[in-house]
Amino acid sequence: MSNSPNPTATEPFKADGFAVRCEVLRLSAQPSGSMLLVQFLLDCGVAVLFGWQYSARNAVIWISLIAATTAYRALFPQRLPDPLTRDNLPGALRLHTLRIAVHEGAHGAAGILLFDPANPTNQLMIGVVVMAMTLSSVFSVSYFAPAMQLAITLLLAPVIAMGVTFGAPAMVSLALLGIGLLVMVWRLVGDRARQLEENIGLRHNESTLREQAMAGLRQSQQAQSDRLRFFSAANHDLRQPVMAMGLQAEVLRHQLEAGEDQVTVQNTLAALSRAQQALEGLTNQLLEIGRIEAAADPISPVAVALAPLLGELARQAGTGRVRVRCPDDAVVWTDAVTLRRILGNLLDNALKFTPRGRVLLACRRRPDGWRIEVRDSGIGIPPEAQDRVFGDFEQIGNVERNLQRGHGLGLAIVRRLALRLGVQITLRSAPGRGSVFGFELPAAPKDAPITVGMGLAAETAAATAQDARPLRPDLSVLIVEDNAVVADSMAALLRLWGARAHVCGSAVEALALTTTLRGFDIALCDIRLPGSIDGITLAKELQRRAPTLSIALVSADIDDATQDLASLRGWQALRKPVQPAGLRALLLHAQA
């Protein structure tokens, strides 16, 4: 997760100054042998003219300087660093400026070497020639404004200084015009450089936007492909237990009609139950992925004591194969629920792929926090498959998609949860030598109150202990559920337990029970009901009419807000799909 500040709306359309300067330097440093040759030939003509009119010796000295700088620029062009970086670009620009300054300074020496103090005509001629060189250089020497402004100054300043100091009146006037030309050319160079940079910036922006659009298109196509693959795999794995349940139900019907023995029927029921558990497990994992990607559960960092949490997870595994190695003072700063879900999935994965041997939950101190690892001695993961294990529906060594070995979503959930926490899950593994999944969390502030995280274990233990207690024979339950199959199944189970069940298919139907409403002990209300009255509104009205009536929201729409509302009003909340043990614990709580 990036901690960089969010860009403003205009930033994507601003040119990168570094990229623009790099482009300007590349354009300016391009070899220009033909232009240098033409310029040198013109310089030779100027040298011949003033050598004949004024001083052959001075003309030879000047053209020799020009020849040397021209040969250097032509034969030894500037080699730019590859790649150009923010560190080496300033040096490359300085070198370019120096090369241009030396070349144009040699041309500017004409204002001294070819200036004839005794001949006003020759003075005017050299002034005009240098000014012509200046205008020519503006459009041909460089595109880098500082280099050009320095070069023009070195080109014009000598003839201006000589004209003002030693020139005839006409030359002094021309020198003053030269000062004006120098100022004008400085502004012209600056304006041209800015326009060039804007054009380069626009081109870069267009290129960037085009690349962003193509990247977005590729990302969208990849996301579409990933979604298609995800739902295709989900569809495949959902159909398997559904098909198994249908087939087993048909087998059970024939067995009952044929009067098969109890053992045979129980085996069929066990197979039916396994299919139902596989379907429920996959549904729960898909719902969890949906909630993670929708960020439905906010991240609330607290101080979490690791030793009790790891011990609780080891006890919940119930196999006796899970060991814990964790210092008592290990306390991390993170979201407790998300951490539990990550560790639970990693532990479940380790046990699943470790048929024999032990699993270790370990914690070690790090300079800025604690490193938590889940180590197993199982089948291991080959190097070429380690990048794929966190993918959706990825199961190494289960190509046949045997649902008894899971659905390949546990580590996909871990990846999503870790992303929400901003941690990186690492993996070390080798075939036949087990696997080590690990991640690091920051240490909690010393003065933060510690969350131990034992709530779920306590609730599970309480539900298990209560499961053996009988329901009160006259317990009366109002079921408000619009799905007839769910309502009938729930009512049948309650009657099997000895309770009295009454089913209503809507809130209106439930509210019509004016005279008999006080005879119920508990109302089980679905949240999504037909009509304008939902389950929460219904629950409030039922509680108003019958204050002693226990209320339980039984729905797939139980989120944190609904759970908080239920706790605030003294209601119970049970998320679908409902397990018989959970429903029984709910009824036992209502009759207490």
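Reply: Buried means under 20% relative accessible area, exposed over 50%, and partly exposed in between, with a 1.4 Å probe and protein chains only. This is a predicted model, in which local features need pLDDT of at least 70 and side-chain atom pairs count only at pLDDT 80 or more, while totals for chains, interfaces and linings use all residues. Residues are numbered from 1 along each chain as its sequence is written, and side-chain values use heavy atoms, with hydrogens and water left out.

Me: Is C22 buried or exposed?
Reply: Helices here are DSSP runs of H or I with at least four residues, strands are runs of E with at least two, and both are numbered from the N terminus. C22 is listed among the buried residues of α1, together with others including F18 and L25. Because its relative accessibility is 4%, C22 counts as buried.

Me: How many disulfides does a search of the whole structure find?
Reply: A disulfide is a pair of cysteine sulfur atoms within 2.5 Å. With that cut-off, the number of disulfides found in the whole structure is 0.

Me: Which cysteine has the sulfur nearest to that of C326?
Reply: C326 is buried, with a relative accessible area of 17%. C326 is in no disulfide, and at 4.0 Å the nearest cysteine sulfur is that of C363.

Me: What relative accessibility does C44 have?
Reply: C44 is found in helix α2, and its C-alpha atom is separated by 9.6 Å from that of W62, 18 residues apart along the chain. C44 counts as partly exposed because its relative accessibility is 23%.

Me: Which helix gives the most residues to the lining of the largest cavity?
Reply: On a 1 Å grid over the protein atoms alone, a cavity is a set of points where a 1.4 Å probe fits but cannot get out, and its lining residues have an atom within 4 Å of a point. The structure holds 4 cavities of 30 Å³ or more, and about 50 Å³ of space lies in the largest, where a volume is the space filled by probe spheres set on the points, which are joined across faces, edges and corners. The lining of the largest cavity consists of S32, M35, L36, Q39, R73, S140 and V141. With 3 residues, the helix that gives the most to this lining is α2 (residues 33–53).

Me: What distance separates the end C-alpha atoms of helix α6?
Reply: The expected span of a helix is 1.5 Å times one less than its number of residues. For the 19 residues of α6 (residues 120–138) that span should be 27 Å, which agrees with the distance between its end C-alpha atoms, 27 Å.

Me: Which residue caps the N-terminal end of α6?
Reply: A polar contact is a pair of N or O atoms within 3.5 Å; within protein, one must be able to donate a hydrogen and the other to accept it, and residues adjacent in sequence count only if both atoms are side-chain atoms. At the N-terminal end of α6, a side-chain oxygen lies 3.0 Å from the backbone nitrogen of T121, and the capping residue that carries this oxygen is N119.

Me: With which residue does the side chain of D526 make a polar contact?
Reply: D526 lies in the loop between β11 (522–525) and α16 (535–545), and D526 is buried, with a relative accessible area of 7%. At 3.3 Å, its side chain makes a polar contact with the side chain of S555.

Me: How far apart in space are V554 and C525, C-alpha to C-alpha?
Reply: V554 lies in strand β12 (residues 550–555) and is buried, with a relative accessible area of 2%. V554 and C525 are 29 residues apart in sequence, and their C-alpha atoms are separated in space by 5.7 Å.

Me: Is the peptide bond from D82 to P83 cis or trans?
Reply: Most peptide bonds are trans. P83 is found in the loop between α3 (56–75) and α4. With omega near 5 degrees, the peptide bond from D82 to P83 is cis.

Me: Is D447 buried or exposed?
Reply: D447 is found in the loop between β7 (435–442) and β8 (450–451). D447 and A303 are 144 residues apart in sequence and 9.4 Å apart in space, C-alpha to C-alpha. Because its relative accessibility is 71%, D447 counts as exposed.

Technical notes
On a 1 Å grid over the protein atoms alone, a cavity is a set of points where a 1.4 Å probe fits but cannot get out, and a pocket is an open set with protein on both sides within 12 Å along at least five of seven lines; lining residues have an atom within 4 Å of a point.
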